[in-house]
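The structure comes up next.

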Amino acid sequence: WGLLLLAAALGAMAATRCPAPCICDNLRAHVLCLNGNLTAIPDTIPELTRKLDLRGNSFMVIPAGAFLATPYLTHLDLQRCKVERLQEGAFRGLGRLVYLNLASNGIAFLYQESLDGLFSLQQLILEGNRIEEIQLGAFGHLGSLTVLDLRANALVYLPDMVFQGLQVLRWLRLSHNALHVLGSEAFAALPALRRLSLDHNELQALPGEALARLDGATRLDLGHNPITYVAEEALAMASLRHLFLDHAALQNVAPDAFARSPQLRILDLRENQLQGLPPLAGAGGLVRVSLDGNPLLCSCLLRPFHKWLARARVQAEGACAAPPALRGRSLNSLKSPEMRCSHLRPPPSPTAPPEQPSSAGSRQCPQGCVCSPDFHHGSCENRDLQEIPQDFPEDTRLLDLRQNPFGTVPPDAFPGLKQLVSLHLQQCSIRVLHPGALRGLESLVYLYLTDNHLSTLVAAAFEGAPQLAYLNLDHNAFTRVPAGTFRLLPNLISLHLQHNAIGELVEGDLAGARGLRWLYLAGNAIRHIAPAALAPTKMLEKLQLERNHLSEVPTAALRGLPALSELKLSRNPIKHMGDGVFLPVASSLQHLYLDNMGLEHISPHAFTGLGPKIRSLYLESNKMRNIPDMSNFTGLEILNLQDVPFHCDCQLLPFHRWINKLNLCVGATCGSPAEAQGLKVKLSTTFQTCPGWGQGKAGETNPNKTKAASKPSKKKRLGKSPAKGFSKSRA
């Protein structure tokens with residue numbers, strides 16, 4: 001009966017029409033719709049599909065109930081689909097799903113019901129989005145999740161209990177964010193966690209109080225954070241075995257820093273600023289300490305540590321940087337008499353950062369609002385309030401005042417909220433932010449003013465909020481960037497000014513925004529960017545200018561941006577691209593978006609300077625018929641050339657050969673001549689009449705074979721799949 005049921009199910013699936021342009025493997029119940037122009041989830045996907053791969057499409061929004069027609073899905077891949085929003089209930093009905101990949105999209109928020117219904121999910125990949133904040137309860141329905149990947153997002157702050165509900169989570173990946181504030185109970189709801197990755201963030205001190213909740217964690221990655229000092233008993237993790245503090249800014253470590261982590265075996269302190277270490281008496285279980293890349297001063301001051309290594313039988317990796325007579329000598333080769341102290345002053349004693357005062361806060365709450373003492377949250381969302389309420393508890397950290405018709409934010413609007421981190425004022429009909437409006441909000445990191453009526457701002461409005469890092473002004477009425485506004489915001493990292501009416505960027509607009517990393521200007525009317533307009537933002541990493549009115553690449557404005565890694569120019573009316581237009585950012589650029597521009601001509605030297613660092617290049621939906629040499633783009637992971645009418649003649653032969661060697665799905669199609677129209681560039685036979693075709697084919701197979709002999713090997717190569725699944729058939 002089981003076999004009969006399986007046969008019937010497969011028969012039903014086979015009878016279901018496969019939606020274009022997808023590929024259906026009925027035997028394995030897999031459907032692939034790769035790198036297409038889908039803007040909505042196909043509604044004709046076979047009901048019994050188990051694995052659905054939708055990478056490289058353009059969905060923008062995943063609506064509620066998008067997958068109700070495919071309840072048997074176990075694996076869903078939505079990478080690189082330009083998703084910006086997950087509606088509440090987007091994945092309802094997917095109770096069997098165990099793997100969900102949403103990497104490399106544009107998701108900014110995780111709301112409470114965004115992931116509802118995924119109670120069997122085991123792996124959730126959200127790497128490479130722009131998630132700035134996670135609402136409490138977002139993961140509350142994911143009771144089976146074991147791996148949560150939030151790498152390479154825009155997180156600055158983790159509130160208390162943010163991961164509540166993840167009872168079996170074993171690995172939490174938070175690398176490559178901008179975290180510098182962690183609630184003391186941020187990790188309190190993770191009883192099964194074994195590995196925590198916090199490397200490549202902005203933590204300036206070891207977050208000992210938050211980490212103390214992780215009794216079962218065995219590995220902690222804290223490398224690449226600007227931590228300067230590890231205080232006494234700073235780390236109390238009962239099961240910790242591997243601690244990585246490499247590439248930080250450590251200058252001193254207290255002798256008892258790890259006394260409350262008795263299982264610690266491996267301590268990685270590579271590439272810091274340590275001149276030495278004291279005997280780590282409290283870390284009795286240590287087996288290895290890595291100190292490579294530190295400026296170790298092998299004087300008498302290092303003798304106690306050296307003797308402790310021998311006595312505790314701890315292996316040390318590292319070499320002396322001074323004195324000159326011992327430079328380059330490994331620690332293990334030293335003998336105590338060699339470590340002398342003539343004319344040396346001891347380094348100054350370290351001092352721990354001052355402890356932050358804590359306050360329980362009073363428990364009052366304004367009438368009509370809800371205050372959560374457990375989460376330190378206050379909410380008056382959509383209460384039709386005319387004035388901003390006061391008297392919230394002093395320990396409130398998130399305040400949600402969305403959808404109230406306030407009109408203005410007066411001076412001193414939020415008294416007593418010194419611990420407030422996140423303030424939501426979206427859809428509040430705000431026209432004016434008065435000077436002193438945020439006065440006293442000394443811990444504020446996030447400010448959301450989306451969907452209001454602001455047309456101007458003054459710097460004095462931000463007086464008293466020096467920690468502000470994220471400012472969202474999308475969907476307002478700005479006709480220009482409010483010049484000088486950011487001079488009181490030294491910690492501003494992310495600025496959203498999308499979907500306004502800004503016509504140009506001029507010199508002085510961004511004055512004071514010295515630490516800005518991400519600038520979002522999509523959906524404006526920008527026609528011109530002055531050469532010095534971006535000059536203050538020397539740390540800028542992402543610049544998003546899609547859907548504007550630029551008619552050329554703003555090359556002059558890109559000078560002086562040595563860290564720029566992502567540039568989006570999609571949907572600007574740029575018809576021609578001249579020589580060296582990306583030269584100012586060629587040494588740092590990794591992701592370049594040039595799609596949907598109506599681009600007609602690219603100069604042969606337009607990509608001069610770009611090369612192995614480029615990881616993704618989007619050129620789909622343009623009008624050029626040829627393309628420059630990209631043979632030095634050896635680091636490409638994504639190349640999208642769909643809907644480009646390539647002229648498949650002999651001038652395109654080098655490109656044809658190059659993409660045939662790529663292990664990528666590029667989607668390049670011939671637009672002409674007539675006999676090749678609609679064929680994949682990789683498969684077109686028009687190149688076989690070109691001079692040198694035989695030599696090229698011989699070079700790709702066997703140099704001793706003739707042109708005729710090489711043809712069978714071509715068929716053999718085309719039959720191979722260079723990647724998993726069906727990606728070759730979509731190439």
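For sorting lining residues, Ala, Val, Leu, Ile, Met, Phe, Trp, Tyr, Cys and Pro count as nonpolar, Asp, Glu, Lys and Arg as charged, and the others, Gly among them, as polar. This is a predicted model, where local features need pLDDT of at least 70 and side-chain atom pairs count only at pLDDT 80 or more, while totals for chains, interfaces and linings use all residues. Residues are numbered from 1 along each chain as its sequence is written, and side-chain values use heavy atoms, with hydrogens and water left out.

On confidence (pLDDT, the predictor's own score for each residue, from 0 to 100), the protein has a mean of 86, with 89% of its residues at 70 or more. Residues 3–15 fall below 50, and this stretch has ten contacts (heavy atoms within 4.5 Å) beyond near neighbours in sequence. Residues 343–362 are also below 50, with 21 such contacts.

Now the holes. A cavity is a set of points on a 1 Å grid over the protein atoms alone where a 1.4 Å probe fits but cannot get out, and lining residues have an atom within 4 Å of a point. Volume is the space filled by probe spheres set on the points, which are joined across faces, edges and corners. The structure holds two cavities of 30 Å³ or more.

| Cavity | Volume | Lining residues |
|---|---|---|
| Largest | about 40 Å³ | Pro389, Gln390, Asp391, Phe392, Ala413, Phe414, Pro415, Leu417 |

By class, the largest cavity is lined by six nonpolar, one polar and one charged residues.

Conventions. On a 1 Å grid over the protein atoms alone, a cavity is a set of points where a 1.4 Å probe fits but cannot get out, and a pocket is an open set with protein on both sides within 12 Å along at least five of seven lines; lining residues have an atom within 4 Å of a point.
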